[in-house]
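Subject: Structure for your review

Dear colleague,

My findings follow directly after it.

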Amino acid sequence: MLKPRPTTTRELVNLDGLWRFAVADADVREPWTGTLETQLEAPVPASYNDLFTDQKIRDHVGWVWYQRTVRVPRGWAGERVLLRLDAATHEGKVYVDDVLVARHVGGYTPFEADITDHVTPGGEFRLTVGVNNELTSETIPPGSITATRDGRRQQTYLHDFYNYAGLARSVWLYSKPRRHISDITIVTGVIGQTGIVDYSVTASHETGVRVCAIDAAGHEVATAHGSSGTLAIDSVNLWQPGAAYLYDLVVELVEGNEVIDSYTEPFGVRTLEVRGTEFLINGKPFYFTGFGKHEDTAVRGKGHDNAYLVHDFQLLDWVGANSFRTSHYPYAEEVLEFADRHGIVVVDETAAVGLNLGVQGGLTGIGPKPTFSPETFNHETQAAHAQHLREVIARDKNHPSVVMWSIANEPASNEEGAREFFEPLVKLARELDPTRPLTYAAVMFATFQNDKIADLFDVLSINRYYGWYVFTGDLATAEQYLEADLRGWVEAFGKPVMMSEYGADTMPGQHSVWDMPWSEEYQQSYLTMNHRVFDRIDAFIGEHVWNFADFQTSNGIHRVDGNRKGIFTRDRKPKAAAHTLRARWTGLAGTKPSANQTAAPDNEKTTTSSVHALEGAK
Ligand code: GCB
């Protein structure tokens with residue numbers, strides 16, 4: 001699915017700003033008509049939950065309405081006019097005046113409506129978007145709705161991050177020609193010094209297709225004709241982690257000398273391969289350093305924010321991270337474009353978080369109900385997961401920064417039915433994108449002995465909290481269990497293994513000379529213990545700390561104003577552990593750390609706590 005862009009044949013109007021906003025009553029009018037009678041306004045993009053002081057809005061379960069007036073540029077006569085919503089979390093209904101023009105389920109992927117027949121160039125229309133935040137067993141992520149004794153509806157879900165909702169990403173109005181380019185797929189390879197670019201273009205009508213690759217200096221470096229084919233770029237500049245290089249693919253639909261439609265898709269030339277226990281980018285073993293992140297900031301919730309985007313990437317660079325996972329849903333496209341331009345490697349995760357009823361089932365990880373059954377997560381859930389996978393891959397397939405798909409976080413891969421649920425999804429993902437390795441993040445209860453799906457995947461991503469949720473405060477025991485666990489996966493499957501989550505909640509300003517959970521020193525010691533283990537395992541290909549920053553969660557006795565496992569606070573101040581990571585990661589350039597590489601960078605201020613960490617914390 002192409003991102004709307006202005007080109008010589010297409011125009012784009014951004015509809016972000018303050019929209020009229022109202023929470024729907026239980027007796028919501030369907031279909032929606034009329035002007036919203038409300039005193040409230042809400043910004044787009046932003047989640048609506050934390051904007052207002054009214055708790056009823058924060059806790060609302062169901063529909064809310066956003067509305068604004070839009071004028072269609074008068075020069076668009078004869079063109080197709082489209083609306084594009086980058087996300088409506090978790091379901092969106094779009095009305096142009098009184099007409100329903102689009103409905104979409106899935107809160108983290110874009111959708112469009114062709115509204116040409118409902119609007120007049122030069123004229124105005126009333127745009128209303130209904131957004132519903134309900135999660136059920138037929139949505140990804142899943143959840144369920146219960147009723148309180150006094151009749152209020154409550155949303156429960158199986159992930160800890162807060163269920164922010166609304167229009168958290170941009171809304172666009174754009175034009176494209178009646179005969180237009182519909183999609184472009186780019187797959188790259190390298191032979192010697194030559195970049196090989198396979199492209200395929202789909203269009204609304206059959207016409208001539210001309211493509212041209214332009215380098216970063218604006219020079220044409222290769223051209224071809226036809227709706228699919230191969231371009232060869234001599235002396236190619238590779239897209240590399242930490243050293244991004246992007247080309248533009250300019251695609252034109254042509255008839256004689258006339259250009260009917262034109263679209264420019266940036267791309268990078270790079271290769272990916274899993275060989276034995278190595279993850280190769282451009283033929284070189286790559287070691288992941290970085291984080292699981294969240295789209296989460298105060299007040300905006302999951303609203304995309306370019307200031308935080310820039311600052312977060314600055315902090316990734318400062319701390320020596322080369323990568324992150326889009327835990328636990330695909331992030332705004334602006335994030336991936338930024339990663340493309342700045343050479344940060346991305347593990348792109350679907351929103352399939354919480355397909356696991358065992359997480360609430362105590363230490364056994366087996367819940368009171370089986371996760372996969374006709375009454376719990378079933379064919380409908382699987383169909384929603386498949387549809388989501390199609391949308392994520394369609395949106396993100398051309399990003400060079402995306403090196404792997406993570407198709408779920410912590411599913412009940414240890415339970416009966418997991419293989420039947422996931423095998424068709426793995427097959428689908430491989431059909432949709434044969435070029436990228438696949439992974440999923442394995443929950444603590446899924447061990448190398450009882451996991452039923454690991455062999456289907458290319459990379460084993462392991463979430464483990466030894467020293468936090470188990471053996472709390474006892475890092476010596478934690479170290480032994482962690483090592484045995486990781487070695488078990490390596491030996492059982494012979495695949496590359498990475499740590500996709502390890503972390504400890506930490507209150508900034510809490511200090512201790514002992515191994516005291518929640519203190520800044522404990523977070524450092526906990527990480528250092530994990531790193532000792534990682535460095536002893538050859539098949540180990542990377543470490544993603546949980547989490548980049550503190551983030552908001554649903555109410556729960558484990559959390560004080562959110563999950564505090566951030567290396568940075570929610571407002572992006574470093575905790576002491578940030579210095580520990582910086583000392584380990586800086587200068588690695590994608591190579592595996594070894595014991596003698598853990599010296600502090602020259603410009604690091606040596607704090608008591610960083611000395612403590614560097615000495616091995618014991
Ligand atoms: C996990 C989940 C993540 C949680 C984390 C935690 O295993 O994947 O979403 O936030 O644990 O901190 O408990």
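Val 299 counts as exposed, because its relative accessibility of 52% passes the cut-off of over 50%. Please bear in mind here, and in all that follows, that this is a predicted model. Val 299 sits in the loop between β25 (288-292) and α2. Its backbone deserves a look as well: although Val 299 is not a glycine, its phi is positive, at about 65°.

Trp 518 also has a positive phi without being a glycine, in this case of about 85°. This residue belongs to the loop between β31 and α7. Trp 518 is classed as partly exposed because its relative accessible area, 26%, falls between the limits of 20% and 50%.

The loop between β31 (497-501) and α7 (520-535) also holds Met 516. With a relative accessible area of 40%, Met 516 is partly exposed. Together with Val 513 and Trp 514, Met 516 makes up a nonpolar patch on the surface. The accessible area of these three residues together is about 390 Å².

His 90 is placed in the loop between β6 (80-85) and β7 (91-96). Ser 327 and His 328 are likewise joined by a cis peptide bond, with an omega of about -5°. The loop that contains His 328 runs between β26 (323-325) and α3 (333-342).

Is Ile 115 buried or exposed? Ile 115 is buried, since its relative accessible area is 0% and the class requires a value under 20%. Ile 115 lies in the loop between β9 (111-114) and β10 (124-132). From C-alpha to C-alpha, Ile 115 and Leu 82 are 5.5 Å apart in space, while 33 residues separate them in sequence.

Asp 234 is exposed, because a relative accessible area of 58% is over the 50% limit. Asp 234 is part of the loop between β19 (228-233) and β20 (247-255). Asp 234 and Ile 145 are 89 residues apart in sequence, and their C-alpha atoms are 58 Å apart in space.

By class, the lining of the largest cavity consists of 7 charged, 5 nonpolar and 4 polar residues.

The second largest cavity has a volume of about 60 Å³. Its lining includes Ser 47, Thr 89, Tyr 108, Arg 169, Glu 295 and Lys 302. The lining of the second largest cavity divides into 5 nonpolar, 3 polar and 3 charged residues.

Finally, I looked at the second largest pocket, which holds about 580 Å³ of space. Of the 26 residues that line this pocket, Pro 241, Gly 242, Asn 322, Gly 343 and Ala 589 lie nearest its centre. Which element supplies the largest share of the lining of the second largest pocket? That element is α2, with 4 residues. At least two residues of this lining come from each of β24 (284-285), α2 and α3. The classes in the lining of the second largest pocket are 12 nonpolar, 12 polar and 2 charged residues.

With kind regards

Note on methods
Residues are numbered from 1 along each chain as its sequence is written. This is a predicted model: local features need pLDDT of at least 70, side-chain atom pairs count only at pLDDT 80 or more; totals for chains, interfaces and linings use all residues. Side-chain values use heavy atoms; hydrogens and water are left out. Patches are made of residues with over 30% relative accessible area and no salt bridge: like charges are joined within 9 Å, nonpolar side chains (Val, Leu, Ile, Met, Phe, Trp, Tyr) within 5 Å. Accessible areas come from the Shrake-Rupley method with a 1.4 Å probe; for residues, only the protein chains shown count as cover. A salt bridge is a side-chain nitrogen of Lys or Arg within 4 Å of a carboxyl oxygen of Asp or Glu. Buried means under 20% relative accessible area, exposed over 50%, partly exposed in between (1.4 Å probe, protein chains only). Ala, Val, Leu, Ile, Met, Phe, Trp, Tyr, Cys and Pro count as nonpolar, Asp, Glu, Lys and Arg as charged, and the others, Gly among them, as polar. On a 1 Å grid over the protein atoms alone, a cavity is a set of points where a 1.4 Å probe fits but cannot get out, and a pocket is an open set with protein on both sides within 12 Å along at least five of seven lines; lining residues have an atom within 4 Å of a point. Grid points are joined across faces, edges and corners, and a volume is the space filled by probe spheres set on the points.
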